[in-house]
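The following exercises ask the reader to work through a protein chain from its overall fold to individual residues. Each task is followed by a worked solution.

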Amino acid sequence: MSATADHAEERTSLAARLGFQPEQVVQEIGFDDDVDQELRESIEEVIGSDLVDEDYDDVADAVVLWFRDDDGDLTDALVDATTYIEEGGTILLLTPKTGRDGYVEASDIAEAVSTAGLSQTKSVSVGKDWSGSRLATPKAAKSKR
């Protein structure tokens, strides 16, 4: 197997570990120059299409939300993100790691997630600069019990 194939397999397995599946519609919110391109490519590889942007006007299966400390109110961003996804869908909240520009305190994330009526199902390191929290809408959280 070539180094390129190994690298592609690593990217695919990250998106699959995060719960992305073929043919899902995944909306991306908060895209900027600092996002992790490898993660984006990994998700697109698994779902078999491009991520849809903030202007997408239909329902998505999942949302990827890039959020930095200076992006405004995290609770509002999470509530807004839930309006875009299927009932029972998930949100992958991505925030800069500790020490990076835009870092968001874990306590702020926990408070915003709770206030928005979501539950955190998984935390994961998604690259050298980003941490991810997989969040479930209330129906998805109930179905996992």
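A residue is called buried when its relative accessible area is under 20%, and exposed when that area is over 50%. The model examined here is predicted.

**Exercise 1. Describe the overall architecture of the protein chain.**

Solution. Step 1: the secondary structure amounts to five helices and five strands. Step 2: along the sequence, these elements follow the pattern α-β-α-β-α-β-α-β-β-α. Step 3: of the 145 residues in the protein chain, 41% are buried. Step 4: among contacts with a separation of 6 or more, 74% involve residues 24 or more positions apart. Step 5: the protein chain exposes about 7,900 Å², of which carbon and sulfur atoms supply 44%.

**Exercise 2. Identify the buried residues of helix α3 and determine how they are arranged around the axis.**

Solution. Step 1: in α3, which spans residues 74-82, the buried residues are L74, T75, A77, L78 and A81. Step 2: these residues lie on the same side of α3, because they cover an arc of only 160° around the axis. Step 3: their packing partners are β1, β2 (60-66), β3 (85-96), α4 (106-115) and β5 (130-136). Step 4: at the start of α3, the backbone nitrogen of T75 has a side-chain oxygen of D73 within 3.2 Å.

**Exercise 3. Decide whether E28 is buried or exposed, and list its surroundings.**

Solution. Step 1: E28 has a relative accessible area of 6%. Step 2: the cut-off for a buried residue is under 20%, so E28 is buried. Step 3: beyond its neighbours within four places in sequence, E28 is in contact with R40, L51, V52, D53, E54, V64 and W66. Step 4: with one of these, W66, the contact includes a polar one between the two side chains, at 2.9 Å.

**Exercise 4. Trace the pairing of strand β5 and the cover of its residues.**

Solution. Step 1: β5 pairs with β3 in the antiparallel sense over seven bridges. Step 2: β5 also pairs with β4 (residues 119-125) in the antiparallel sense, over six bridges. Step 3: G132 illustrates both pairings, for it stands opposite L94 and is the bridge partner of V124. Step 5: β5 is mostly covered, with six of its seven residues buried. Step 6: S133 lies in β5 and has a relative accessible area of 8%, so S133 is buried. Step 7: apart from residues up to four places away in sequence, S133 touches I91, L92, L93, I109, Q120, K122 and S123.

**Exercise 5. Characterise the largest nonpolar core and state which elements contribute to it.**

Solution. Step 1: the largest nonpolar core has 19 residues, and those touching the most other members are L18, F20, V26, L39, I43 and L94. Step 2: two or more residues come from each of α1 (3-17), α2 (37-47), β2 and β3. Step 3: α2 gives the largest share, four residues. Step 4: leaving aside neighbours within four places in sequence, L39 is in contact with L14, L18, W66, L92, L94 and V126. Step 5: a second, separate core of 18 residues includes L65, F67, A77 and V113. Step 6: in soluble globular proteins, nonpolar side chains tend to be buried together.

**Exercise 6. Examine the backbone and exposure of E23.**

Solution. Step 1: E23 is located in the loop between α1 and β1. Step 2: although E23 is not a glycine, its phi is positive, at about 70°. Step 3: most residues other than glycine have a negative phi. Step 4: the relative accessible area of E23 is 73%, so E23 is exposed.

Definitions and conventions: Residues numbered from 1 in each chain as written. Predicted model: local features only at pLDDT ≥ 70, side-chain atom pairs only at ≥ 80, totals over all residues. Heavy atoms only, no water. Buried < 20%, exposed > 50% of the residue type's maximum accessible area, 1.4 Å probe, protein only. Polar contact = N/O pair within 3.5 Å; in protein donor to acceptor, adjacent residues only side chain to side chain. Contact = heavy atoms within 4.5 Å. Arc of directions from axis to C-beta. Pairing = 2+ DSSP bridges. Areas by Shrake-Rupley, 256 points an atom, 1.4 Å probe, with all protein chains shown as cover. Core = buried A, V, L, I, M, F, W, Y, C linked by side-chain atoms within 4.5 Å.
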